[in-house]
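Hi,

As promised, I am passing the structure on to you. Please have it open while you read, and my notes follow below.

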Amino acid sequence: MQNTLVRESENDRILEGERELIAEILAGNHERYYELIAPIERRVYYTAYAILRTEADAEEVSQEAILKAFRGLRTFRGEAKFSSWLLSIVGNEARMRLRRRREVSLELLKSPDNEGEYTPIELAEWREIPIEALAQKELAARLEEALAALPEIYREVLILRDIDELNIAETSAALEITVPAVKTRLLRARLMVRDYFVSRSWARHTGLRKAQP
Amino acid sequence: MITLSCEEVRREISNYLDDDMSPRMRRLLEVHLEQCRKCAVLLDSTHNVLVLLADEHRFELPAGFSLRMRHMLAKEFEKAKS
């Protein structure tokens, strides 16, 4: 694991590179906007998809947000990463569309953050999710199944954080919820998806690997 | 020495996996994990499921996504020029 200093200087380097690129784009070299977008388009799409859950809507919202970011590039303050800024725009746009669609499901209302402690399933013996035992195709299906089984508010936080690999602050911005709320939901989401796996008969033991932070 | 309960450990599992806690809390948690099989199993199995999720490359962009995005932007750039 990298130490904090290395991470910070790397971060500075990225910010510096972005600032230069943005200055060029603003000076009229528009084509270079592609370079700004290319490394994060996958995350843009999955941020929208995490919230909207349909491919067509997710793509439309991604395009709208990318366009909006281009048009508003002059207002971007280079203090944070461009990706954080764009992803928060995507999150906003996606949630606005969701509201318009009136798809805020009852499921969502029924699963507030504060419904008390979540108690994960207890295991008596060492067990691991048997990666080798499942064919890749089956594994993909199981993962999809596990994600689909989560209530909306937990699914979106899990997708953004653990699949899109947004950090906590970016996830918080994309979902317009506080950092503590992200952490609370994330804990619950992770335990729930883990339970989904361990409670299934196809998830039987083989060996054990130590978790490293 | 202060020790953590299983419940407290459970609450911190997500933060532990994100390496998002004070060194002091980390030490307390690790002391607990060494002694409590139940919590160690919980941590490892949660970690493993997350590794599966993150490793999964099936989360691809829809075919043609980048191309359509570029077309859309190209039109915008045209407009911006005129």
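How many salt bridges does the rule find across the interface of chain B and chain A? The rule finds five of them there, where a salt bridge is a side-chain nitrogen of Lys or Arg within 4 Å of a carboxyl oxygen of Asp or Glu.

Some housekeeping before the rest. This is a predicted model, in which local features need pLDDT of at least 70 and side-chain atom pairs count only at pLDDT 80 or more, while totals for chains, interfaces and linings use all residues. Residues are numbered from 1 along each chain as its sequence is written, chains are lettered from A and ligands numbered from 1 in the order in which they are written, and side-chain values use heavy atoms, with hydrogens and water left out.

**Where the chains meet**

Back to the interface. One salt bridge joins the side chains of Arg161(A) and Asp18(B), at 2.9 Å from N to O. As background, side chains of opposite charge can pair when their charged atoms come close. The rule also finds nine residue pairs in polar contact across the interface of chain B and chain A, with both residues at pLDDT 80 or more. A polar contact is a pair of N or O atoms within 3.5 Å; within protein, one must be able to donate a hydrogen and the other to accept it, and residues adjacent in sequence count only if both atoms are side-chain atoms.

On the side of chain B that touches chain A, helix H1 (6–17), helix H3 (37–55) and helix H4 (65–81) of chain B each supply at least two residues. H3(B) gives the most, with 16 residues. By type, the residues on that side of chain B are 22 nonpolar, seven polar and 18 charged. Here Ala, Val, Leu, Ile, Met, Phe, Trp, Tyr, Cys and Pro count as nonpolar, Asp, Glu, Lys and Arg as charged, and the others, Gly among them, as polar.

In total, 47 residues of chain B are in contact with 57 residues of chain A, contact meaning heavy atoms within 4.5 Å. The two chains bury about 5,100 Å² between them, 63% of it on carbon and sulfur atoms; buried area is the accessible area (1.4 Å probe) that two parts lose on being put together, summed over both.

**The chains one by one**

Chain A has ten helices and zero strands, and chain B has four helices and zero strands. Helices (H or I, at least four residues) and strands (E, at least two) are DSSP runs, numbered from the N terminus. Of the 213 residues in chain A, 50% are buried, and of the 82 residues of chain B, 50% count as buried. Buried means under 20% relative accessible area, exposed over 50%, and partly exposed in between (1.4 Å probe, protein chains only). Among contacts in chain A between residues at least 6 apart in sequence, 74% join residues at least 24 apart; the corresponding value in chain B is 54%.

**Salt bridges within the chains**

Over all chains, the structure holds 21 salt bridges. In one of them, the side chains of Arg97(A) and Asp57(A) meet at 3.4 Å, N to O. Arg97(A) lies in helix H5 (residues 82–101) of chain A and Asp57(A) in helix H4 (residues 55–71) of chain A, so the pair ties together parts that are 40 residues apart in sequence. Arg97(A) is buried at 10% relative accessible area, and Asp57(A) is buried at 16%. A network of salt bridges links Asp57(A), Glu60(A), Glu64(A) and Arg97(A).

In chain B, have a look at Arg26(B), which is buried at 15% relative accessibility. Arg26(B) forms a salt bridge with Asp19(B), with the closest N and O atoms 2.6 Å apart, and another with Glu30(B), at 3.4 Å. Arg26(B) and Glu30(B) are four residues apart in helix H2 (residues 23–35) of chain B, so about one helical turn separates them. Both partners are partly exposed, Asp19(B) at 34% and Glu30(B) at 28%.

**One buried alanine**

Finally, Ala48(A) lies in helix H3 (residues 41–52) of chain A and is buried at 0% relative accessibility. Leaving aside neighbours within four places in sequence, Ala48(A) is in contact with residues including Val61(A), Val90(A) and Ala94(A). Ala48(A) and Val61(A) are 13 residues apart in sequence and 6.6 Å apart in space, C-alpha to C-alpha.

Best wishes
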